[in-house]
Amino acid sequence: KRIDKNDNDFENEKSAMSRVLQIQDNQNIIVSCIFVESYLVAFSIDEILPMHYSISHFLKADNLNYGVCDFLNKKIAQYLLSKDVLFWSWEQDLGIENLKKSKMSYRPGNFLKKYRVSLINKK
């Protein structure tokens, strides 16, 4: 995707991905990529958690390659199932209508509760 020079989202995501990949005990981190003619067109960074859970930290795909996201999700789901993972949590849709529609098309089994943690400044 084209990046606006004034957009900090790219740098924030780059930093977050770097932190995930630098985790000392990263044996449960799964990085999946799809290449078309030697060009990276999609990738996902997922983590296998205890109790049959997995979480998707990042998934990015070039929307010019129709179906690549579905294909990647199918392959990751097959792999996770082979590792005895039964639940796969994806990131929030952040109110982005197309992302919400796409995620709902997979017919999620349930939704996890969201919590906000904050510090209370006691004086």
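Read along the sequence, the chain follows the pattern α-β-β-β-α-β-α. Three helices and four strands make up this pattern. Helices (H or I, at least four residues) and strands (E, at least two) are DSSP runs, numbered from the N terminus. The model is predicted: local features need pLDDT of at least 70, side-chain atom pairs count only at pLDDT 80 or more, and totals for chains, interfaces and linings use all residues. Residues are numbered from 1 along each chain as its sequence is written, and side-chain values use heavy atoms, with hydrogens and water left out.

The four strands form an open sheet in the order 1-2-3-4, with mixed pairing. Two strands count as paired if DSSP finds at least two bridges between them. Strand 1 (29–36) and strand 4 (87–89) are the edge strands, and each pairs on one side only. On average, neighbouring strands of this sheet are turned by 25° against each other, direction ignored. Axes here are lines fitted to C-alpha atoms, for helices over the stretch in contact, and angles run from 0 to 180 degrees between N-to-C directions. Strands of a sheet pair through backbone hydrogen bonds, either parallel or antiparallel.

Strand 1 and strand 2 pair in the antiparallel sense, over eight bridges. Isoleucine 30 has aspartate 46 of strand 2 as its bridge partner. The hairpin of these two strands has two residues between the strands. Glutamate 37 takes a positive phi near 50° in this hairpin.

Strand 2 (residues 39–49) also runs antiparallel to strand 3 (residues 53–61), and eight bridges join them. Serine 44 faces leucine 59, isoleucine 45 stands opposite phenylalanine 58, and isoleucine 48 stands opposite serine 54. Three residues lie between strand 2 and strand 3 in their hairpin. Methionine 51, in the turn, has a positive phi of about 60°.

Strand 3 and strand 4 pair in the parallel sense, over three bridges.

Helix 2 (residues 68–82) lies across strand 1, strand 2, strand 3 and strand 4. The helix runs at about 30° to strand 2. Leucine 81 lies in helix 2. This leucine is exposed, with a relative accessible area of 57%. Leu81, Leu86 and Phe87 make a nonpolar surface patch of about 310 Å². Like charges are joined within 9 Å, and nonpolar side chains (Val, Leu, Ile, Met, Phe, Trp, Tyr) within 5 Å.

Of the 123 residues of the chain, 21% count as buried. Buried means under 20% relative accessible area, exposed over 50%, and partly exposed in between (1.4 Å probe, protein chains only). The accessible surface of the chain comes to about 10,700 Å², and 54% of this belongs to carbon and sulfur atoms. Accessible areas come from the Shrake-Rupley method with a 1.4 Å probe; for residues, only the protein chains shown count as cover. Of the contacts (heavy atoms within 4.5 Å) with a separation of 6 or more, 41% come from residues 24 or more positions apart.

Methods: Patches are made of residues with over 30% relative accessible area and no salt bridge: like charges are joined within 9 Å, nonpolar side chains (Val, Leu, Ile, Met, Phe, Trp, Tyr) within 5 Å. A salt bridge is a side-chain nitrogen of Lys or Arg within 4 Å of a carboxyl oxygen of Asp or Glu.
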